[in-house]
Amino acid sequence: MPPLAAQTALAGSPPALPAKAWLLMDFDSGEVLASANADEPLPPASLTKMMTSYIVEQALRSGKLKQTDLVSVSQNAWCRGSSTESCMYLPLNSQATVIDILRGIIIQSGNDASKAIAEHMAGSEEGFAKLMNAEAQRLGMTHTHFVNPTGLPDPEHKSSAHDLAILARAIIHDSADYYPIYAEREFKYNGIKQGNRNALLYTDPTVDGLKTGHTEAAGYCLVTSSKRNEMRLISVILNTNSAQARADESRELLGWGFSTFEKATPIQPNAVVTTAKVSFGKVDTVAAGLGAPWMLTVPRGQQVQTSVELKPGLEAPVTKGAVIGKVVATSNGKPVGEAPLVAQADVERAGLLQRMWQHLVK
């Protein structure tokens, strides 16, 4: 395919890539730095398994699953070793632990592992697909519909570059205990050792995930995450023409992102940003500041300006840490992010006589 130029970009000269859709996202903010055809629903192939593994990871975190729980391999889940599909090679009617199944999904891209855990958790692939779609809806994946836990072809099974980046961001953020598995280069099970198909794991030490995919309809796909210094970027490449191309295009897109953007700290977390007026309190004002450290990803060399918006009609009592407004950052006249402003102290409600006097004064 001819190179596809960016349809949206926060900085000039993004690469033109010969993929059917692609996207680069800043992990911290979720901001799309550049993209093309980012919302077009396309076959995601085994990128689907990011949702399968995410649901397993969240079930482990919540206690619904334990790493040592045993998962049975049914006739439906069993992989016969066909060269046309990825397998963990779980023996028929055997059992495997949840943590081994998770590695089989992430590292070996096992269709058998994905089907087995789907049946274990939801009774069937169809039942598990309902869980997948509910989770996709919760995450805001608006151009996604899952039919199965594997990504095997189905005309109704679709996702978009933007949605897959949202999912990758959720995995990194919500599954911190299990995210290191995505960087593991190989996994041996049942005497069979298989390597991770993400070629960038072997050539770029800053890359630590996430997933490859390939079918005839989907082409060669890759979702990648890389962290350099304080900046983490997520790239999505959909439907390019070879495993080499998906790696090369991901490498080019990430290289452009890291060379074009930088982190900026508009306001220090300990600073008092402004003072808000408070009605009917024992004091008339309260200091407002950031509730947490705030970093933005902006084009290199651009200055960042900030403006404050306070909630109108603030009345006591006010609790320390309560959101009482926001600070908006702009660069070159374009909004680049915002953060909540929180009260830096408690403000108790004044007594009746004091409130009556304040009301008369107002």
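Me: A disulfide is a pair of cysteine sulfur atoms within 2.5 Å. How many disulfides does the structure hold?
Reply: This is a predicted model, where local features need pLDDT of at least 70, side-chain atom pairs count only at pLDDT 80 or more, and totals for chains, interfaces and linings use all residues. Residues are numbered from 1 along each chain as its sequence is written, and side-chain values use heavy atoms, with hydrogens and water left out. C79 and C87 are joined, sulfur to sulfur at 1.7 Å. The number of disulfides in the structure is one.

Me: Which cysteine is in no disulfide, with the nearest cysteine sulfur 19 Å away?
Reply: The nearest cysteine sulfur belongs to C87. That sulfur is 19 Å off, so no disulfide forms under the cut-off of 2.5 Å. The cysteine left out is C221.

Me: Is C221 buried or exposed?
Reply: Relative accessible area decides: buried is under 20%, exposed over 50%, partly exposed in between (1.4 Å probe, protein chains only). C79 and C87 both fall in the buried class. C221 has a relative accessible area of 0%, so C221 is buried.

Me: What share of the residues of the protein count as buried?
Reply: The protein has 362 residues. Its C-alpha atoms fill a box of roughly 80 × 45 × 35 Å along the principal axes. The buried share of the residues is 50%.

Me: How many helices and strands does the secondary structure come to?
Reply: Both are DSSP runs numbered from the N terminus: helices are H or I, at least four residues, and strands are E, at least two. By that count the protein has eight helices and 17 strands.

Me: In which helix does M132 lie, and what is its relative accessibility?
Reply: The helix is α4. M132 counts as buried. Its relative accessibility is 0%.

Me: How far apart in space are M132 and N148?
Reply: In sequence, M132 and N148 are 16 residues apart. In space, C-alpha to C-alpha, the distance between M132 and N148 is 8.6 Å.

Me: How many bridges join β8 to β9?
Reply: β9 covers residues 219-228 and runs antiparallel to β8. G209 has a bridge partner in β9, namely S225. The number of bridges joining β8 to β9 is eight.

Me: Why is one side of β12 and of β15 left without a neighbour in the sheet, and which residues make up each strand?
Reply: The open sheet runs β12-β13-β17-β16-β15, five strands with antiparallel pairing. β12 and β15 stand at its edges.

Me: How many bridges join β12 to β13?
Reply: β13 spans residues 285-290. β12 and β13 run antiparallel. The number of bridges joining β12 to β13 is five.

Conventions
Two strands pair if DSSP finds at least two bridges between them.
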